[in-house]
Amino acid sequence: MDPGAVGKLARRLPLGSAVISATNGKTTTAAMVAAIVGDRVKLAHNRAGANLVSGVASALLASDRADLGLFEVDEGAFPDIAGRIRPQAVCLGNLFRDQLDRYGELEHIAERWRTAVAELDPAAWTVVNADDPLLADIARGRAEAVRFGIDDLSVARDRLPHAADSKYCRTCGAPYDYAAAYVGHLGDYSCPRCREARPSLDVAARAIELSGLEGSSFDLVTPEGTRRVSLSLPGLYNVYNALAAASLSLVLGAGLDDVEAGLARFRAAFGRFERIAAGDRTVLLLLVKNPAGANEVVRTLVDAGAPVRLLVALNDAIADGRDVSWIWDVDFEPLVGPLQELVVSGSRAQELALRFKYGGLDPAKIALLPDLAEALAYGVEGTLPGGELVVLPTYTAMLALRQIASEQGLVRPYWEEAVA
Amino acid sequence: MKLVVGHLYPEYLNIYADRGNIAVLERRSAWRGIDLDYRTIGLGEAVLPGEHDLFYVGGGQDREQALIAPDLAAKGPALVEAVEAGAAFLAVCGGYQLLGRFYRDRSGAELPGIGLLPHHTVAGERRMIGDVLLECEFDGGAPRTLAGFENHAGRTYLDEGAEPLGRVVSGFGNNGKDGFEGCRVAGAVGTYLHGPLLPRNPWLADWLIARALTRRLGEPPELDPLGDELEAAAKAVSAERARSRGGRF
């Protein structure tokens with residue numbers, strides 16, 4: 001299809017389009033927005049994660065009577081897609097190091113985003129995560145902007161994680177002081193030298209309660225009022241996704257009732273946090289794809305009681321990133337102590353085995369099974385009846401594992417769920 | 001037995017999982033009863049004569065490299081002296097570039113390096129990204145291989161007669177043209193092979209540990225062999241990737 005047609009199709013949507021981008025959480029954020037606004041308006045939504053211009057085009061073609069376009073887009077593709085479809089709102093969640101072989105350096109992506117935002121229609125909304133110093137000032141000068149963030153010291157980390165990005169002041173280069181670090185380099189920062197600091201929050205999460213793998217709840221504080229929101233998704237990273245989704249939904253015209261109800265009934269998107277029944281056992285899929293995201297998954301698992309058996313699957317297809325260096329920047333070490341057996345799988349299973357060996361795990365506890373079907377069968381078989389096998393796959397490994405489970409009748413394909 | 005490792009600017013230069021290389025040096029020392037004392041060397045901290053047996057410097061984003069470059073220039077003479085006195089050194093990616101004589105950016109401006117390694121780097125247009133396989137000959141021994149991943153826009157050119165780390169079997173190497181990768185002077189090794197280079201190439205880790213211990217003991221140590229089956233398996237996959245899809249123009 002002619003890429004120029006994307007703009008033409010998008011401009012036919014009576015309510016316009018919203019575009020969401022981020023390194024982590026864009027699929028989940030878009031799916032949350034769909035849960036909030038989808039009852040009232042018919043959406044053109046690339047829900048299965050096809051987030052390049054071709055995926056946006058397919059979603060537009062597949063829903064010719066839609067009212068509103070809702071698109072998650074790849075970080076690198078955001079400027080081009082935003083330029084073509086002229087969205088009435090954009091939501092920018094975070095930038096973490098991810099697939100440097102494909103995307104390049106964070107600063108360069110942020111600069112391209114900045115230019116793209118400056119070229120949006122003057123009345124378009126910019127929704128941005130104020131806790132990310134790389135993005136916080138992207139809405140400066142925009143007439144319509146919403147800045148969201150977390151405001152709760154009780155869930156802050158005592159220090160930045162290893163290999164945190166963007167920890168030096170964008171203006172003067174001095175290291176930021178963090179009053180609170182929440183996820184990676186996201187937090188309440190200020191520069192001791194030039195005083196650049198997190199902007200004030202328009203939408204905030206306060207009084208956050210994390211309940212292990214079962215979910216979380218928090219006070220959603222907005223200009224329109226405060227609501228207690230419950231999520232069935234674990235971890236602080238999903239609180240950020242919910243904040244992004246709530247902020248974007250509000251500027252798209254949703255009310256607080258819709259936001260509260262939509263988030264409460266939302267279940268995870270596609271392999272991000274998915275339970276599959278396998279006879280009298282369950283399999284829990286938690287997608288990992290870069291250090292910041294994987295660190296949050298590890299943190300959530302440890303908070304919930306670290307598992308004694310674990311399957312980790314690392315592929316190196318283009319969609320995973322061909323460079324597997326990133327696994328050495330993940331803080332897997334908190335998982336090592338309680339582990340009785342680690343199953344490593346995928347096309348780079350051997351590299352994972354090394355990562356855990358040098359992370360302190362006795363190699364005798366590592367089962368090396370590169371074939372995903374074999375690894376899944378072995379992992380399930382070794383799980384006690386009634387128990388759960390936790391699986392951390394990279395993107396294409398997640399797709400393959402869902403396919404294997406589906407062929408065994410363990411999981412319904414995602415498109416059936418989407419229609420249901 | 002003790003070994004002091006100095007890691008330069010870990011807060012700034014850590015973009016390619018340099019921690020993996022440090023973990024390998026630590027574990028492989030510990031498994032042999034060698035007590036590795038890991039120290040960081042940050043902005044404004046002096047490199048004292050004789051303090052370190054082994055140095056490490058990784059790569060960063062352009063912005064972070066610019067933040068540390070003036071400080072590294074000030075440390076340059078002490079680092080050159082340390083290597084001349086027998087210290088080992090592993091410099092990866094951006095750190096490798098900064099150890100050369102200069103880096104010339106796209107505008108033609110030159111950023112001086114510390115001249116520890118006999119090379120210079122010129123910014124190029126296309127990045128050289130992909131799996132790499134090298135063949136190396138160290139100390140007149142049998143050829144050995146290194147498998148890794150490269151991602152760099154800089155083209156590095158060795159001075160006449162300078163010794164590369166290895167010959168490129170697959171991949172781009174220093175500049176995509178002359179078929180060499182990295183650079184080596186005494187116990188100092190510079191390379192574009194980033195991230196988990198040492199885990200899947202443990203012979204290079206052991207070579208660095210041996211060089212560092214030689215400085216301390218005055219003679220080469222006998223290092224106990226370790227069970228490296230997983231390392232060999234990971235390297236075999238990495239080498240196969242380089243052969244099937246290593247970078248080329």
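Reply: Start with the contacts. In chain B, residues 24 or more positions apart account for 72% of the contacts with a separation of 6 or more. Two residues are in contact if their C-beta atoms, placed from the backbone, lie within 7 Å.

A note on the basis. This is a predicted model: local features need pLDDT of at least 70, side-chain atom pairs count only at pLDDT 80 or more, and totals for chains, interfaces and linings use all residues. Residues are numbered from 1 along each chain as its sequence is written, while chains are lettered from A and ligands numbered from 1 in the order in which they are written.

Next, the overall fold. Chain B has 6 helices and 12 strands. These are DSSP runs numbered from the N terminus: helices are H or I with at least four residues, strands are E with at least two. The radius of gyration of chain B is 17 Å, close to the 18 Å from the globule rule for 249 residues, so chain B is as compact as a globular protein of that length. That radius is taken over C-alpha atoms, and the rule is 2.2 Å times the number of residues to the power 0.38. Along its principal axes, the C-alpha trace of chain B spans about 50 × 45 × 35 Å. Of the 249 residues in chain B, 53% are buried. Buried means that 20 or more other C-beta atoms lie within 10 Å of the residue's own, with C-beta atoms placed from the backbone.

Now the sheet. In chain B, 6 strands form an open sheet with mixed pairing, in the order S2-S1-S3-S4-S12-S11. Its edge strands are S2 (35-41) and S11 (183-185) of chain B, each pairing on one side only. Pairing requires at least two DSSP bridges between the strands. From one strand to the next, the twist averages 15°. Strand S4 (residues 88-92) of chain B pairs with strand S12 (residues 188-191) of chain B in the parallel sense, over 4 bridges. There, Leu90(B) has Val189(B) in S12(B) as its bridge partner.

Axes are lines fitted to C-alpha atoms, for helices over the stretch in contact; angles run from 0 to 180 degrees between N-to-C directions.

Last, the other chain. The contact takes 23 residues from chain A and 26 residues from chain B. On the side of chain A that touches chain B, H11(A) gives the most, with 6 residues.

Note on methods. Buried ≥ 20, exposed ≤ 12 C-beta atoms within 10 Å, placed from the backbone.
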